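Please take a look at the sequence and the structure first, and then read on by topic.

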Amino acid sequence: MTSTSQKVAGIPAAPSVRRGRPRLGEKAIEALLVLAAIVSVATTVGIVISLAVPTVEFFGTVSLGEFVTETLWTPLFAEKHYGVLPLLVATLIVTAIAVTIAIPVGLGSAIYLSEYAGNRTRAFLKPILEILAGIPTVVYGFFALLAVNPWLRDIWPSQTKPEFQNMLVAGIAMGLMIVPTVASLAEDAMTAVPRSLREGAYALASTKMQVSTRVVLPAALSGIVAAIVLGISRALGETMIVTIAAGLKTDGIIVNPIDGAATMTAYIAGAGQGDLPVDSLDYLTIFAVGSTLFLFTLALNALSIRMVRRFREVYE
Amino acid sequence: MTYPEDPMDTTIVPPRLSAGLSLHPSGATHGGENTPVIDLADVAVWYGDYQAVRGVSMPVARNQITAMIGPSGCGKSTVLRSLNRMNDLIGGARVTGVVSYHGQDLYARDVDPIEVRRRIGMVFQKPNPFPKSIYDNVTYGLKVNKMDTGRTDDLVEQALRGAALWDEVKDKLKTSALALSGGQQQRLCIARTIAVRPEVILMDEPCSALDPIATGKIEDLMHELAASYTIVIVTHNMQQAARVSHRTAFFTAELDDAGVRHGRLVEFNDTGRIFTNPADKRTEDYITGRFG
């Protein structure tokens with residue numbers, strides 16, 4: 001502010017709006033924020049590159065045709081086969097079981113919390129739900145193996161009991177694991193639906209269930225689909241539960257859920273324990289499988305975005 | 001609008017809201033021109049321990065427009081929402097006194113609030129169409145009340161005509177209701193309300209979010225609707241009350257000895273009387289602009 005230097009006798013100085021000292025703190029903060037943004041973007045780019053390069057190298061040796069049509073995945077055996085289908089099928093089966101559990105239970109909890117529970121009940125239950133989301137997956141893995149599976153074998157109706165490690169228990173445990181994620185995010189989306197829409201529906205003689213399913217659920221759909229997709233993504237990428245509870249069997253496509261089979265993540269975890277020589281073909285398989293998983297998650301996200309655009313009801 | 005085949009036609013038999021016998025056998029309190037559709041006797045509404053409004057005794061006459069006016073915080077909307085049990089949705093809200101509908105206490109234990117709202121519909125302050133198509137907005141109430149059997153298209157047209165909206169939307173029934181203007185949205189909300197054929201329509205400041213032209217259309221519509229429906233309107237616009245209503249209730253908010261604000265009904269009379277020759281000094285001050 002330099003107004004005093006411009007004062008002329010008798011004439012009051014005009015108030016100065018000129019630039020004074022540069023605000024250094026502001027610049028520094030902006031730089032730090034840009035840096036923070038770059039770190040996450042750069043990490044993603046780095047991961048994609050470090051996945052892509054070895055994957056390309058892998059397909060230099062193994063043909064893409066063999067990778068997607070061969071029905072055996074035995075890169076670590078004497079007789080080597082490089083068909084990713086067994087891993088893919090196991091991943092899809094476990095994820096499908098998890099989603100079958102997580103969607104009804106998760107959405108049910110969300111509807112209860114958002115539309116039925118009183119304020120006090122919700123204030124009590126929601127934090128508990130969110131704590132559940134923080135249980136380490138290794139705990140879920142042993143829970144599946146040592147608690148769910150014995151119980152499942154007890155009540156199993158037919159003579160062929162589930163194997164010690166099987167996809168069904170892994171899927172059940174994984175489903176329970178993602179319930180809190182789905183429930184909590186879906187509840188957020190439903191709570192965000194304006195009260196005025198609910199009142200309009202109640203004033204037309206709707207029951208609570210009709211308000212929930214015909215008005216609130218469609219209006220919150222984009223958030224709910226996002227919750228489900230995040231749940232599925234967690235299920236696809238989950239490693240510990242499937243490694244512990246579904247096993248590492250990869251010789252052939254296994255479709256019976258009471259048998260054990262390795263998912264893509266379980267194979268990666270099993271193979272990538274440090275005893276494979278770097279740049280060997282065995283080592284490269286990890287990256288080929290990793291890329292496949294990455295593409296799957298990406299496709300799922302793209303699909304869900306399209307679905308949301310198609311079906312959501314935009315309120316304001 | 002007329003529904004000659006309507007089995008719910010209430011001119012002969014009062015509707016039942018509950019499985020039990022209605023409090024008064026049909027005919028005893030019903031049928032006369034002056035018998036109120038809704039009658040409030042010493043009604044007070046509480047939110048927890050707070051008495052928001054008290055001392056409300058007034059009838060709502062059939063096929064008339066009854067206006068509730070008064071300054072902000074006088075409890076007029078609260079009383080309106082007690083007429084179709086919308087206050088049930090607010091935790092801790094309760095009603096004392098008697099709100100009777102055709103002689104049945106609306107707050108009796110065996111009354112089903114869903115049935116109450118089937119017969120006493122509501123239009124809100126801000127237009128709140130569902131984020132669905134125009135058509136689906138009108139059929140929503142038909143579906144949840146299982147009235148969408150057969151001639152749904154006709155019912156939709158009837159309701160939209162009844163709300164003076166048909167000509168503007170007949171070519172775009174499948175487009176989103178949110179693409180309509182505010183005034184059209186509010187008329188759509190009226191259309192979906194009359195689609196389920198209520199007896200009473202409650203309107204909570206239905207024009208406060210609209211421009212004067214849209215307001216004029218809604219007011220014209222209210223005159224038409226009064227032929228078939230009983231209307232209760234809350235408005236902060238005194239001219240609107242004077243223009244549209246037959247009878248007017250004036251509410252105000254007063255501090256009690258402990259300094260707590262309570263709304264109360266000051267005066268209820270024919271609209272002409274309220275605006276030209278009010279009995280109470282507070283009413284006179286309010287309508288002449290000396291207060292509020």
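Predicted model: local features only at pLDDT ≥ 70, side-chain atom pairs only at ≥ 80, totals over all residues.

Two strands count as paired when DSSP finds at least two bridges between them.

**Strand E3 of chain B**

- Strand E8 (residues 230-234) of chain B runs parallel to E3(B), and 4 bridges join the two.
- Strand E9 (residues 247-255) of chain B is also parallel to E3(B), again joined by 4 bridges.
- B:Thr66 has a bridge partner in E9(B) as well, namely B:Arg247.

**The sheet around E3(B)**

- E3(B) belongs to an open sheet of 10 strands in chain B, ordered E5-E4-E1-E2-E10-E9-E3-E8-E7-E6, and the pairing is mixed.
- Which strands stand at the edges? They are E5 (104-105) and E6 (120-123) of chain B; each has a single partner strand, so one side of each has no neighbour in the sheet.
- E9(B) and strand E10 (residues 261-270) of chain B run antiparallel and are joined by 9 bridges.
- Within that pairing, B:Glu254 has B:His262 in E10(B) as its bridge partner.

**The annotated domain**

- The UniProt record, an unreviewed entry, places the feature "domain: ABC transporter" at residues 38-278 of chain B.
- Over residues 38-278, chain B is 34% helix and 29% strand, and the end C-alpha atoms lie 24 Å apart.

**Cysteines**

- How many disulfides does the structure hold over all chains? The count is 0.
- For B:Cys74, the closest cysteine sulfur is in B:Cys207, 18 Å away, which is too far for a bond; a disulfide would need the two sulfur atoms within 2.5 Å.
- B:Cys74 is buried, with a relative accessible area of 0%.
- The sulfur of B:Cys207 has its closest cysteine sulfur in B:Cys189, at 12 Å, and that is also too far for a bond.
- B:Cys207 is buried too, with a relative accessible area of 8%.

**The cavity**

- A search of the whole structure finds 1 cavity of 30 Å³ or more, and the largest cavity has a volume of about 40 Å³.
- Both chains take part in its lining: A:Gly200, A:Ala203 and A:Leu204 are there with B:Met122, B:Phe124, B:Arg192 and B:Thr193.
- Helix H7 (195-203) of chain A and helix H6 (182-195) of chain B each give at least two residues to this lining.
- By class, the cavity lining has 4 nonpolar, 2 polar and 1 charged residues.

**The largest pocket**

- The largest pocket has a volume of about 570 Å³.
- Its lining has 17 residues, and those closest to the centre are A:Ser114, A:Glu115, A:Ala117, A:Arg195 and B:Leu89.
- Helix H3 (85-116), helix H4 (119-132) and H7 of chain A are the elements that give two or more residues to the pocket lining.
- H7(A) gives the largest share of this lining, 4 residues.
- The pocket lining divides into 5 nonpolar, 5 polar and 7 charged residues.

Conventions: Residues numbered from 1 in each chain as written. Chains lettered and ligands numbered in written order. Heavy atoms only, no water. 1 Å grid on protein atoms, 1.4 Å probe; cavity = no way out; pocket = protein on both sides within 12 Å on 5 of 7 lines; lining within 4 Å. Points joined across faces, edges and corners; volume = space filled by probe spheres on them. Nonpolar A, V, L, I, M, F, W, Y, C, P; charged D, E, K, R; others polar. UniProt positions renumbered as here; feature names shortened; annotations may be inferred. Buried < 20%, exposed > 50% of the residue type's maximum accessible area, 1.4 Å probe, protein only.
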